[in-house]
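Have a look at the model first, then try each task before reading on.

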Amino acid sequence: MIKLRAKLKNYLMSISLKKKLMLLFVFCVLVPLFLTDGIVFYNLYKVNKITKEQELRSDAEEIKYNFVDGLNYPAKIIQNIYKNEEIEELLNRQYYDPLDYYTAYTEFKKDSIYESWLGIGNETLEIYADNDTILNGGMFYKLEPVRNESWYKKLDEGEGMVLSFDFSKEYTDTSSKRNILLMRKMEMGQKNRCEKVLKLTINYRNFQDNVLSEGIESDAYICLGDKLLMTNVGGTHLKEAYRFMDKSVKPDYQQDIYIYGETYTIYLKRKGPGIWVLDIKSTIIVLILLLISIILPVYMIRQLDYSVAQRIWRMSKVFENADDEYLKKIQEIEGEDEISSLMVNYNKMVDRMNSLIQTSYIDKLRQQEMDIARQNAELLALHSQINPHFLFNALESIRMHSLLKNEVETSEMVEHLAIMQRVNVDWRSDTVSVEEEMKFAKAYLELQKYRFGDRLSYSLDVDPACYDFMVPKLSIVTFIENACVHGIESKTEPGWIFVRIYKKKDKMFFEIEDTGIGMDEEMRENLLFKMNNASLELIKTGTGVGMTNASLRLKMMTNDMAKFDLETEPGVGTNIRIIIPLEDEKRNKLKPEEDE
């Protein structure tokens, strides 16, 4: 990767500005343009595809609904008839002669809704019974003559309601030879009852017109397996036998209808252009945008070539004379852009350089004076490094001498003093970790114990999860020092200093508590105001500088999000709490009492 970048860099450095502009045009205009247009075309394709799929799905749902709904009414008729007790009684009875049957049939017509069954809209109802004593006609027929019919065989093979698309060559209706049969066996196989069959003939033409209504905008095919039952393509086919589905037709969408134990399939093929063909308006808009996106940048590149490349070439010709003792100025400066400004400034530089060439000796003397000043500064920096180094060596010598004389207490004091002094003089960084700050605090408190003796005790309770958190150097120690000087020093009884550092939710808490003399309410309000409103102006007042300084540095480090609280009681002690949000986005303006 690094080698490739190096080669690209060398190549760009070796070609002319005009070629660079062309590369800029290709990779920053043409390539993104084709990618963008590709995305636009793809999105248009997706929208077009989804729209047309939705149209096909809508057509399929409408066909399915019409198909099922067209059979619902005939099915309800059969449901109402096939357990009719009056019909059972009429057809199960054995008659002495035709007159006996005719008399019973006439009585049946009077006491039933027989007349409404004979003409049920576009449907024709026939009931067949295995009873040789009845007469054919009026809706009731003998079963024996039709046992070899194809529709009866299909009914005999199925269970419950059976749907059949029938083609009858002997059918007398010249308008159609196709029929739709909805059949069911009545209660059979029971004692003293004969076999009975219901057959409802549905008008094929009306059923197809209802299923494949004018609202269907696709080419539709309804099939049972490979057998084509209905289609809105190529005429009505009412007098033709059912044929098989044309294998050359590649459907765009299909959906199944499961009804009466069989699965019928709807095949749909969209009319008109495919999903890749956009409408004319969209195509024209895309082509216009594409042409504008190419022609306009090409024109601008040609103008930039003259405006930028040609004038820079003129400047490069002038710079070829830079080795001469006298520099030449650029003539005929055109325009008011940055290149023109560069040419003007170049001419000013030429005037200046021609003047400076004459005074090069003075410049050399001035350079020598600057070198001497720089060397003096380096010597002072070395001295500033030597002084603290010498002090640390001297303190180490005193500590070792004390140990040799078994003055352990003195050596420990010197050691703590050396630790504090190293932190004081090392200001390469203004921040330290909480762990380092607590080491300094412990050294400071140990020195104070030598001063106060048994009057001072302390406790440092720091959550290890807080060790790596960065704070301004000597900021927490300043509050500890204040607790010693203003809290414990003025109290005759023994006192404690407690330092607690812990995390709570998304904040870090620093608590410095002492059991010193405390302070009154006025002093508390004054000190709390200085901590929460610490600024350079307050520091310049000269009172409470240490804690104000520490508070200001904590607020600066936390983008003014650090908050301070102070609780005190005269004669009991003081507790200072510092609250610092751990994440910038969670540093809200919190009141101290909200964190109780």
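The protein chain has 16 helices and 17 strands, and the model is a predicted one. Of its 596 residues, 38% are buried. For contacts between residues at least 6 apart in sequence, 64% join residues at least 24 apart.

**Exercise 1**

Work out how helix α12 (residues 434-452) and helix α13 (residues 475-488) are oriented: roughly parallel or roughly antiparallel?

*Solution.* Start with the geometry: the two axes come within 9 Å and cross at roughly 20 degrees. Angles under 35 degrees count as roughly parallel, so α12 and α13 are roughly parallel to each other. Next, the handedness: α12 passes α13 in a right-handed crossing. Finally, look at who touches whom: residues of α12 including Phe440, Tyr444 and Phe452 take part, and α13 contributes, among them, Ile476, Ile480 and Val485. Sorted by class, this contact has 11 nonpolar, two polar and two charged residues.

**Exercise 2**

Now do likewise for α13 and helix α16 (residues 545-557): at what angle do they pack?

*Solution.* The angle is about 155 degrees, and the axes lie 9 Å apart. Angles over 145 degrees count as roughly antiparallel, and α13 and α16 are therefore roughly antiparallel to each other. The crossing of α13 past α16 is left-handed. On the α13 side the contact uses Ser475, Thr478, Phe479 and Asn482, which meet residues of α16 including Met547, Arg553 and Leu554. By class, the contact of α13 with α16 comprises four nonpolar, five polar and one charged.

Note on methods:
Residues numbered from 1 in each chain as written. Predicted model: local features only at pLDDT ≥ 70, side-chain atom pairs only at ≥ 80, totals over all residues. Heavy atoms only, no water. Helix = DSSP H or I, 4+ residues; strand = E, 2+ residues; numbered from the N terminus. Buried < 20%, exposed > 50% of the residue type's maximum accessible area, 1.4 Å probe, protein only. Contact = heavy atoms within 4.5 Å. Axes fitted to C-alpha atoms, helices over the stretch in contact; angles between N-to-C directions. Parallel < 35°, antiparallel > 145°, perpendicular 65-115°, else oblique. Left-handed = near helix turned anticlockwise from the far one by under 90°. Nonpolar A, V, L, I, M, F, W, Y, C, P; charged D, E, K, R; others polar.
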